Amino acid sequence: MDNIKKLPDSVNKKGGIMLILGVIILLVAFVFEPQRAFFDYLWIYMFLVSIGVGSLALVGLEYLVGATWSTPFRRITEILASITPVLIILVIPLFFGLHDLFHWTHHEVVESDKILQSKSPYLNVEFFSIRTAFCLLLWLVFFFFMTRNSQKQDLDGDVTYTKRNITLSTVFTPFFVITITVTAVDWMMSLEPHWFSTIYGVYYFAGTVVASFAATTIAAVLLKQGGYLDPRIKNDSFYSLGTMMFGFNVFWAYIGFSQYLLIWYADLPEETFWLIHRWEGSWKFVSIALLFVHFIIPFLVLVGRRAKTNIGLLKIMAPWMLFAHALDLYWLIFPTYFKEGAGFSWPELSFPLIVIGLTMILFKVLSDKKNLIPVKDPKLQAGLEFHL
Amino acid sequence: MSLDATFTREIPLLEGKSSFKEIDDVIAKPVESKPTIKWWIAIGISSTALLIGAVCLGLTFWYGIGLWGNNQPVGWAFDIINFVFWIGIGHAGTLISAILFLFRQKWRTGIARFAEAMTIFAVMTAGLFPAIHTGRPWLDGYLLPYPNQHNLWVNFTSPLLWDVFAVSTYFTVSFVFWYVGLIPDLATLRDRTTSGIKKFVYTIFSLGWRGSNRHWQHYERVYLILAGLSTPLVLSVHTIVSFDFAVSVIPGWHTTIFPPYFVAGAIFSGFGMVSTVLIIVRKVFDMEHIITVNTLEKMNKILLATGTMVGYAYGMEFFIAWYSGNPVEQFAFINRAFGPYAWAYWIMISCNVLFPQLFWFKKIRRNIPITFVIVILVNVGMWFERFVIIVTSLHRDYLPTSWAMYYPTMYDIGILLGSFGLFFTLIILFARTLPVVSMAELKAVTENAQPKIHHNGSE
Amino acid sequence: MFGRILNKIDEEFLKSEPRKGELFAVSALFDTPDQIITSAEKVSGSGYRRFDVLTPYPMHGLDNAMRLRETKIGWVGLLAGMSGTTLAFLMIWWMVGIDYKNVIGGKPFFNIAPSIPIMFELTVLLSALTLVAFLIAVFNKLPSNANPLMATEFMKHVTSDKFGIYIEAKDPKFNQNEIKSLFSSLGASEVYDINEVSYDEGKTKNPILDFKFVGNLIGVGIVTAILSYFTLNYLLFLPPFNWMHHQAKVLPQSESKFFNDGFSMRKPVEGTVARGFIPYEFKGMHDSLVVETPNPLPVTKEILEKGKKNFDIYCSPCHGYYGKGDSRLRGQFPVPPTLHSEKVRSWKDANIYHVITNGQNVMPSYEKQISRDDRWAIIHYLRVLQRSQNAPDSDFEGK
C-alpha cells in the first residue's frame with residue numbers, strides 16, 4: 001500500500017487561497033449588506049451540514065445494512081464527514097445573525113402576531129440554541145467514535161471494531177433522522193415562521209443523501225484519476241455510487257413532487273404563500289431550473305446502465321448534483337431575503353469558494369494522516385471483488 | 001448468524017447442503033403430492049371465512065350499501081380501511097422481489113416467490129373494496145376512460161381515479177413480474193412430472209422454456225428492468241392511496257408527509273403479513289431449511305426500521321399540528337389521542353411503534369413464537385392505523401352539530417372476515433399448485449453455483 | 001378430449017425408442033459450472049456459431065464465454081415507457097382539456113401536476129407489458145414447444161441439475177465425431193445425439209381434426225352463445241340489477257304516495273318570502289294610490305341590455321319587439337295598444353312598474369316571472385324604445 005502517492009501540497013495551497021478569498025468576500029459583503037452576508041453564510045452552513053452530516057450518515061448506513069460495495073470508498077466518505085466537527089466552529093457566527101435571519105427573533109413582531117406567539121415555546125432563541133448545540137454535539141460524538149473505530153482497524157484489522165460500529169450506527173441512524181429534521185425545521189423552515197410542512201425534514205434528508213453521494217463520487221473519481229486510490233478499485237465499483245445517487249435523486253423528486261402537489265391541490269392560503277414566494281419575479285425561473293437541474297436532466301443522463309460505470313460521465317454528473325443541491329438550498333433559503341426575485345452577485349461567490357476550499361484542505365490534511373481506503377476492513381475484499 | 005461470516009460472504013441460504021436435485025424435490029413436493037390433513041383443515045377454515053364474506057356481500061348487493069355502518073359524517077369507513085390495509089400488504093411482496101433484488105440481497109430468494117404471490121392476492125382482495133363500495137359494481141366500467149354513449153370522460157383531477165390506474169397497473173405489472181419469474185420453474189416442473197394433464201398445463205404455461213443462455217441473457221435484463229420499474233411503481237401506488245386523503249382539506253388528512261408515511265406503513269404492514277404467513281407455511285410444508293430463521297430475522301429488522309419510520313411520521317404529524325398554530329388541526333390530533341376513539345389510537349401506537357421496538361434485541365428477533373405474536377400485533381396495529389386516520393378525522397366534522405360516532409354493522413365485519421378468507425384461500429391454493437420458492441433463483445445462490453473462473457473477465 | 005391429444009403427444013415425445021428424424025444436434029451434459037463455462041469458451045472459440053448453452057439458472061460470465069453481444073432489450077422498455085408517458089399526457093389533455101371541460105374544485109381544466117400520477121402509471125404499464133411481450137415473442141422466440149430438444153433425457157437434466165451444451169447439425173463446421181470427442185475431452189458426463197421429431201403423415205392423423213373434438217368445439221360454442229344471450233337479455237335485468245329503473249322519487253304530474261294531500265311539493269310557510277322577490281306593497285291597488293318611487297337602477301349599458309333581454313322574452317310576444325303593439329300571437333290574444341302613446345310616454349316609471357307587477361285589463365301580473373331588478377331594467381329599456389320612435393329634433397342637431 002505504500003506505493004500509493006499522497007496528495008501534493010499544492011492542494012492545500014489552492015484550497016487555502018479559495019477559502020481565504022471566500023472569507024474576504026463574505027466579510028466585505030458583511031460591511032455593505034450584513035443581512036445578505038448572513039443569508040449567504042447560512043447557505044454555506046446548510047450545504048456543509050448536508051455533505052458533512054450526510055456523509056456521516058452514509059458511513060453509518062454502510063455498517064447498518066452490511067453493504068460491501070461501498071467499503072473501498074468509505075474512507076473518502078469519512079473524510080467528508082469530518083466537516084462535522086468543523087461545523088461547531090462554523091455555526092458560531094450564525095448566532096450573531098439570528099436577528100437578521102429569523103423574523104421570529106423580533107420581540108415586537110411576535111407580540112403582534114398570534115400565530116408566532118403560539119409557536120414561541122419552540123421558536124425562541126434559548127431553546128433554538130439548545131437544539132442546535134444538541135444536534136452538533138450528537139453528530140460530533142458519533143463522528144468521533146465511528147471514525148476512530150474505523151481508523152484503529154487499519155492497524156490491526158480487528159473485527160470487533162466493525163461490530164462496535166454496527167452498534168453505533170444502529171443507534172445513530174434514528175438520531176440522524178431526528179436531528180436532520182430538527183436542523184431543517186429550525187434553520188430553514190423557520191425562515192418563514194408561519195409556514196409548515198410535515199415532509200420538510202424528509203425533503204432535506206433526501207437532498208443531503210444525494211449531495212453526500214455526489215460528494216463521495218466526485219472525490220473518488222478525482223482521486224482515482226489522479227492515481228491516489230488503490231488500483232484494485234475498478235470502474236464497476238462506481239456503478240453502485242452512480243446508482244445510489246440516481247436512486248436517491250428520484251426519491252428527492254418524489255418527495256418534492258408530493259409536497260408541491262398536496263399544497264397545490266388543497267390550495268390553503270396558509271401553505272400556498274410559500275410556493276407563491278418561489279414563483280415571484282425571477283424566482284419562477286429558479287423554480288423551473290431546479291426541476292430540470294435537480295431532476296429531469298440527471299434522470300435522463302443517469303438512467304442507463306452504462307452511464308453509471310462511465311467515470312468520465314460521473315465526473316460531470318457528481319459536481320452537477322452538488323450544484324443542484326446548492327440550487328435547492330438557495331431556493332429554500334433565499335426567497336426570504338430576495339422577495340422580489342432571485343438575486344446573484346459577488347457576495348454569493350463566497351459559497352463555492354468557501355465550500356470547495358474547505359473540502360480541499362480537509363482532504364489534504366486528513367489524507368496525509370490516513371489511508372484513503374480502509375486497508376484492513378474485513379469487508380474490503382468483498383467490496384473490491386464486486387463486479388457487475 | 002455469526003457476525004464474522006456476514007462481513008466476508010453471504011450467509012448460506014440453505015441450511016444443510018442441498019444438491020440441485022434435492023432443491024427441486026423439496027420445492028416440488030407440495031405440488032406433486034396429495035394434500036395432507038393439515039392442508040384440508042387450513043383450506044376449510046379459510047374457505048368458511050370466504051363464504052361468510054360472500055354471503056354478506058351478496059346481501060349488500062341485494063339491499064344496497066345501506067347495510068353498512070357508514071353514515072354522515074363518517075361516509076368512508078370499513079370499505080376504504082380494508083382497501084388501504086390490503087393494498088399495503090401487497091407492497092411487501094414487490095419490495096422483496098424488486099427492491100431487495102436491486103440491492104442484491106440474496107436472502108430474499110427463499111421468500112420472494114411467496115411474497116410476490118401474496119402481493120397479487122392482496123391486490124386482488126384490495127381491489128374488491130373500491131369495486132363493491134360503489135353499490136352497483138356491475139357499473140364499475142365507468143371508472144375507465146372509454147368512449148361511452150354519454151360522451152363523458154372520467155375526472156382526471158380526482159385521486160380516486162389515479163387509484164384506478166395505479167391499482168390496475170400495480171396488479172398487472174406484479175402479475176407479469178411473477179409470471180416471468182415462474183417460467184423457468186414451470187419448465188422444470190414440466191420435465192419432472194409424469195402426469196399427462198399436468199404436463200399439458202405446464203407445457204403451455206412454460207412456453208417451451210429450455211434454459212438457453214441466449215434466452216437467459218435477455219431474461220435477466222428484463223427481470224432487472226422490471227424490478228427497476230416495480231420499485232417506483234410500488235412507491236407510487238401507496239403514494240396515490242395517500243393522495244386520496246391528503247389532497248383534501250380535512251384536518252388529520254391534509255398533511256404533506258402522507259405519501260412517504262403511507263409507503264413506509266404499507267411496507268411495514270406487508271412485512272408483518274409476509275412473516276405471519278411464512279411462519280405458518282414453513283411449518284405446514286416442512287420448509288424450515290429454506291425459509292430460515294436468518295431470513296425471518298432480516299425481516300424483523302426491516303419491520304423494526306419501517307415501524308420506526310412510521311413512528312417518526314406520527315411524531316412529525318403531531319409536532320407540526322401543534323407548530324402550525326391552526327386550532328382546527330390541533331383539535332384533530334388531540335381528539336385522536338384523547339377523544340372517543342383514543343383506544344384505537346393507542347392500539348395503533350403500541351402495535352406499530354412500541355412492540356416492534358422489541359426487535360432491537362437479537363434474542364427476540366430470532367425467537368419464532370415471539371416474532372409470530374409481534375407480527376400479528378403489527379397486522380392489527382396497521383389495520384387500526386387506517387381506522388384511526390379515516391374514522392377519527394371524519395367523525396368530528398367542522399360543524400359540531402354533525403358530530404357522530406361510527407359503528408360497524410355485522411355486514412362490515414363479515415366482509416372484512418371474508419377478505420381474509422379470500423386472501424388465505426388463494427394463498428393455500430397457490431402453495432399447492434405452484435412452486436412457492438423460485439427453484440432457479442435458489443439454485444443460483446447456493447454455494448458453488450457460480451463459476452469461479454471468469455473468461456474474458458468483466459473488464 | 002385432452003386425453004386423446006395428450007396420448008398423441010406422448011406417443012411421439014415420451015416413447016423410449018430413438019426418434020426417426022434427422023440429426024438435429026449433438027449435445028453434452030456437464031456437472032459443474034466451471035466445466036460448462038470452459039466448454040462454452042472452447043466451443044465459441046472454435047468458431048461454432050449455431051450452438052447454445054442450457055442451464056437451470058442464469059450463470060455469471062456465460063455471456064462473455066459464449067461471446068454474446070449485450071442485449072438491446074432495454075431500449076424496447078425505454079421506448080415503450082416514453083410512448084406511455086406521451087399517450088397518457090395526450091389522453092388527459094384532450095379528454096379534460098379539450099373534449100369535456102368541467103370545473104372541478106375551481107382547478108384549471110388541464111394541469112400538469114395532477115396528471116403526473118397517471119402519466120407515471122401508464123409509463124410503467126406500457127413499458128413492463130411491452131418488455132415482457134418482446135422478451136417472450138421477439139427476443140426469445142417463444143413459445144416453441146416444437147423444439148426437438150423437448151422431452152429428451154438431455155432436457156430433463158438441464159432444467160434441473162446439470163448444465164448442457166449442444167451444437168446444431170446446421171452449423172457450417174458441424175462434424176458429429178469431432179464434436180463428440182471435443183465434448184468428451186472437456187469432461188462431459190453424458191453425450192447425446194438429438195434427432196428431429198418426425199410425424200409419420202400416413203399413420204398419425206392430426207387430432208385437431210378429430211370429429212369428436214370438432215363436435216365438442218361446436219357444442220361449447222353453442223352453449224356459450226345461449227348463455228351469453230340469456231345473461232345479456234334476462235340475467236342482467238333481475239334484481240338487484242335494476243339499472244336505476246326504479247328510483248325513490250316522484251315523477252312530474254303524478255300523485256305523491258307519501259303525503260296525504262297527494263302533492264309531492266310542500267307549500268312554503270305563510271309569509272315566506274322567496275329570495276329576490278320582495279313583496280310589492282301596492283299589490284292590487286288602484287293606480288292613484290301608488291306612491292311614485294324613482295327607478296332605482298342607473299342607466300348603464302349592462303342594465304339596458306338586461307332590460308332588452310327581458311323585454312324580448314316577456315313583453316315582446318304581445319307588445320312587439322319595438323313596443324308598437326304588433327303582437328306575434330296573430331290574434332289568439334287581444335292585441336295591446338302601442339307603448340309609444342302620449343299616455344304611456346308621460347307615465348312615471350313607477351306607473352309602468354305598477355302595471356308590470358300588477359297587470360292591467362287582460363295583461364296578467366308578471367311579478368312571479370320577472371324579478372324586481374329586471375322589471376326596472378325593462379322600464380329603462382322601454383324608455384329607450386320610446387325615445388327611439390319619438391326622437392325630438394334636438395337629438396339630431398348634434399350631428
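What percentage of the 388 residues in chain A is made up of buried residues? Buried residues account for 46% of them, where buried means that 20 or more other C-beta atoms lie within 10 Å of a residue's own, exposed means 12 or fewer, and partly exposed is anything in between, with C-beta atoms placed from the backbone.

Before going further, a word on the ground rules. This is a predicted model, in which local features need pLDDT of at least 70 and side-chain atom pairs count only at pLDDT 80 or more, while totals for chains, interfaces and linings use all residues. Residues are numbered from 1 along each chain as its sequence is written, and chains are lettered from A and ligands numbered from 1 in the order in which they are written.

## Chains A and C in outline

Here are the two chains side by side.

| Feature | Chain A | Chain C |
|---|---|---|
| Helices and strands | Chain A: 16 helices, zero strands | Chain C: 13 helices, four strands |
| Radius of gyration | Chain A: 21 Å | Chain C: 46 Å |
| Box of the C-alpha atoms | Chain A: roughly 65 × 40 × 40 Å | Chain C: roughly 130 × 60 × 40 Å |
| Buried residues | Chain A: 46% of 388 residues | Chain C: 25% of 399 residues |

Helices and strands here are DSSP runs (H or I over at least four residues for helices, E over at least two for strands), numbered from the N terminus. The radius of gyration is taken over C-alpha atoms, and the rule for a globule is 2.2 Å times the number of residues to the power 0.38. For chain A, a compact globule of 388 residues would come out near 21 Å, and the chain's own 21 Å agrees with that. Chain C is another story: a compact globule of 399 residues would be near 21 Å, but this chain has 46 Å. Both boxes in the table are taken along the principal axes.

In chain A, residues 24 or more positions apart account for 84% of the contacts with a separation of 6 or more. For chain C, 75% of the contacts between residues at least 6 apart join residues at least 24 apart.

## Inside chain A

Two packed helices are described by the angle between their axes and the distance between the axes. In chain A, the axes of helix H9 (residues 159-187) and helix H10 (residues 200-226) come within 8 Å and cross at roughly 105 degrees. These axes are lines fitted to C-alpha atoms, for helices over the stretch in contact, and angles run from 0 to 180 degrees between N-to-C directions. H9(A) and H10(A) are therefore roughly perpendicular to each other, a label that covers angles of 65 to 115 degrees, with under 35 being roughly parallel, over 145 roughly antiparallel and the rest oblique. On the H9(A) side the contact is made by A:Val177, A:Ile180, A:Thr181, A:Ala184 and A:Val185, and on the H10(A) side by A:Tyr200, A:Gly201, A:Tyr204, A:Phe205 and A:Thr208. These residues divide into seven nonpolar, three polar and no charged. In that scheme, Ala, Val, Leu, Ile, Met, Phe, Trp, Tyr, Cys and Pro are nonpolar, Asp, Glu, Lys and Arg are charged, and the others, Gly among them, are polar.

A:Phe96 belongs to helix H4 (residues 83-96) of chain A. A:Phe96 is exposed, with 11 other C-beta atoms within 10 Å. Its C-alpha atom is separated by 42 Å from that of A:Leu313, 217 residues apart along the chain.

Chain C is assigned domain 1 (19-198), domain 2 (207-237) and domain 3 (287-390), with bounds from an automatic or database domain assignment. The centres of domain 1 and domain 3 of chain C, taken over C-alpha atoms, are separated by 85 Å.

Chain C also meets chain B: 67 residues of chain C are in contact with 62 residues of chain B. The largest share of chain C's side, 14 residues, comes from H5(C). By class, that side has 42 nonpolar, 15 polar and 10 charged residues.

A cis peptide bond joins B:Gln72 and B:Pro73, with omega about -5 degrees. B:Pro73 sits in the loop between helix H3 (37-63) and helix H4 (78-102) of chain B. Another cis peptide bond joins C:Leu142 and C:Pro143, with omega about -5 degrees, and C:Pro143 lies in the loop between H5 and H6 of chain C.

Definitions and conventions
Two residues are in contact if their C-beta atoms, placed from the backbone, lie within 7 Å.
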